Amino acid sequence: DAYDSLKETYEATIKRNEDDVARYKKLYNIEYHNPSNFDLFLDTTDKTTEQTISIIMEAFTKRQTKHA
């Protein structure tokens, strides 16, 4: 999508987000912005691929152990 102004871009982003929230609620009956729906939040901004993989694997292993 191409927008002519920052305001138009902002408004389109807000609308898309509202549409996404409604779609996920309708299709899956979840609120995808609700943190309780997720097992892991990972900001990879300052992480290498190796660090990211390591964090994910550690979380996965803990979850597997917890549910064993």
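The dialogue below takes up aromatic pairs, salt bridges and one threonine in turn.

Student: What kind of model is this, and how are its residues numbered?

Tutor: This is a predicted model, in which local features need pLDDT of at least 70 and side-chain atom pairs count only at pLDDT 80 or more, while totals for chains, interfaces and linings use all residues. Residues are numbered from 1 along each chain as its sequence is written, and side-chain values use heavy atoms, with hydrogens and water left out.

Student: How is a pair of aromatic rings described?

Tutor: One gives the distance of the centres and the angle of the planes. Rings of Phe, Tyr and Trp (its six-membered ring) pair if their centres lie within 6.5 Å; planes under 30 degrees apart count as stacked, over 60 as edge-to-face and the rest as tilted. By this rule there are three aromatic pairs here. In one of them, the ring centres of Y24 and Y32 are 4.8 Å apart and the planes stand at 45°, so this pair is tilted.

Student: Which residues do the ring pairs link into a cluster?

Tutor: The cluster consists of Y24, Y28 and Y32.

Student: Are Y24 and Y32 buried, partly exposed or exposed?

Tutor: The terms rest on relative accessible area: buried means under 20%, exposed over 50%, and partly exposed in between (1.4 Å probe, protein chains only). Y24 is partly exposed because its relative accessibility is 30%. Y32, with a value of 21%, is partly exposed.

Student: How many salt bridges does the structure hold?

Tutor: A salt bridge is a side-chain nitrogen of Lys or Arg within 4 Å of a carboxyl oxygen of Asp or Glu. The structure holds five. One of them joins the side chains of D20 and R23, at 2.9 Å from N to O.

Student: Which salt bridge links distant parts of the chain?

Tutor: The side chains of R63 and D39 meet in a salt bridge with an N to O distance of 3.2 Å. This pair links distant parts of the chain, for R63 belongs to helix α2 (residues 49-66) and D39 to the loop between α1 and α2, 24 residues apart. R63 is partly exposed, with 37% relative accessibility, and D39 is exposed, with 61%.

Student: What separates K62 and E58?

Tutor: These two are four residues apart in helix α2, and therefore about one helical turn separates them. K62 is exposed at 56% relative accessible area, while E58 is partly exposed at 44%.

Student: What surrounds T52, and is this residue buried or exposed?

Tutor: T52 lies in helix α2 and counts as buried because its relative accessibility is 15%. A polar atom of the T52 side chain lies 3.0 Å from the backbone oxygen of T48. Contact means heavy atoms within 4.5 Å. Apart from neighbours within four places in sequence, T52 is in contact with L42, T44 and K47.

Conventions:
A polar contact is a pair of N or O atoms within 3.5 Å; within protein, one must be able to donate a hydrogen and the other to accept it, and residues adjacent in sequence count only if both atoms are side-chain atoms.
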